[in-house]
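Subject: Structure handover

Hi,

Here is the structure we talked about passing on. Please open it alongside this email. My notes follow below.

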Amino acid sequence: IYSLGFDFDSQKDKEKKNDPRDYFRLPVTKKEEGTSSKLRVVDHLKALAGDSDHLVLWLDCDPEGENIAHEVMAVTRRAIH
């Protein structure tokens, strides 16, 4: 499960662009995905990290696994003792 996804900063920016090339210049932000939000993935990761001294990730050695690792590190970095 990916916990974070990308979206444009505002609905207003999305609505005023008609040329697809304009999307390459719009600012984007990372937002919590709907499924992750419903399952409280980020909350669970933060809670577990708060009770931990170390974080060990065992993920696939491919770009997808690497992205998941960076997402988990971003969420848990401040919570680990």
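What share of the 81 residues in the protein is buried? The answer is 21%. Keep in mind that this is a predicted model.

Overall layout

The protein has 4 helices and 2 strands. Read from the N terminus, the order is β-α-β-α-α-α. Take the contacts between residues at least 6 apart in sequence: 60% of these join residues at least 24 apart. The exposed surface comes to about 6,500 Å². Carbon and sulfur atoms supply 53% of that area.

Helix H4

Start with H4, which covers residues 63-76. This helix has 14 residues. From first C-alpha to last, H4 reaches 20 Å, close to the 20 Å expected at 1.5 Å a residue.

Which residues of H4 are buried? They are Gly65, Ala69, Glu71, Val72, Val75 and Thr76. Looking down the axis of H4, these buried residues fall within an arc of 165°, so they line one face of the helix.

What does the buried side of H4 pack against? Its buried residues pack against strand S1 (4-8), strand S2 (28-32) and helix H3 (41-50). On the other side of H4, Pro63 and Glu66 are exposed.

Thr76 deserves a look of its own. This residue lies in helix H4. Thr76 has a relative accessible area of 3%, so it counts as buried, the cut-off being under 20%. Leaving aside residues up to four places away in sequence, Thr76 touches Leu45, Ala49 and Leu55.

Helix H3

Now turn to H3. Its buried residues are Val41, Val42 and Ala49. They cover an arc of only 95° around the axis, so they sit on the same side of H3. Ala49 is also one of the residues that Thr76 touches.

Ala47 is in helix H3 too. Is Ala47 buried, exposed or in between? Its relative accessibility is 46%, so Ala47 counts as partly exposed. Ala47 and Ile80 are 33 residues apart in sequence. In space, they are 9.4 Å apart, C-alpha to C-alpha.

Salt bridge

How many salt bridges does the count give? The count comes to 1 salt bridge. Asp43 forms a salt bridge with Arg40. The closest N and O atoms of this pair are 3.5 Å apart. In general, side chains of opposite charge can pair when their charged atoms come close. Both partners have some surface. Asp43 has 40% relative accessibility, so it counts as partly exposed. Arg40 has 46%, and counts as partly exposed as well.

Leu59 is placed in the loop between H3 and H4. At 34% relative accessibility, Leu59 counts as partly exposed.

Where to look

For a quick tour, begin at the face of H4 with its buried residues. Then view the pair Asp43 and Arg40.

Best wishes

Key
Residues are numbered from 1 along each chain as its sequence is written. This is a predicted model: local features need pLDDT of at least 70, side-chain atom pairs count only at pLDDT 80 or more; totals for chains, interfaces and linings use all residues. Side-chain values use heavy atoms; hydrogens and water are left out. The expected span of a helix is 1.5 Å times one less than its number of residues. Buried means under 20% relative accessible area, exposed over 50%, partly exposed in between (1.4 Å probe, protein chains only). The arc is that of the directions from the helix axis to the C-beta atoms. Contact means heavy atoms within 4.5 Å. Accessible areas come from the Shrake-Rupley method with a 1.4 Å probe; for residues, only the protein chains shown count as cover. A salt bridge is a side-chain nitrogen of Lys or Arg within 4 Å of a carboxyl oxygen of Asp or Glu.
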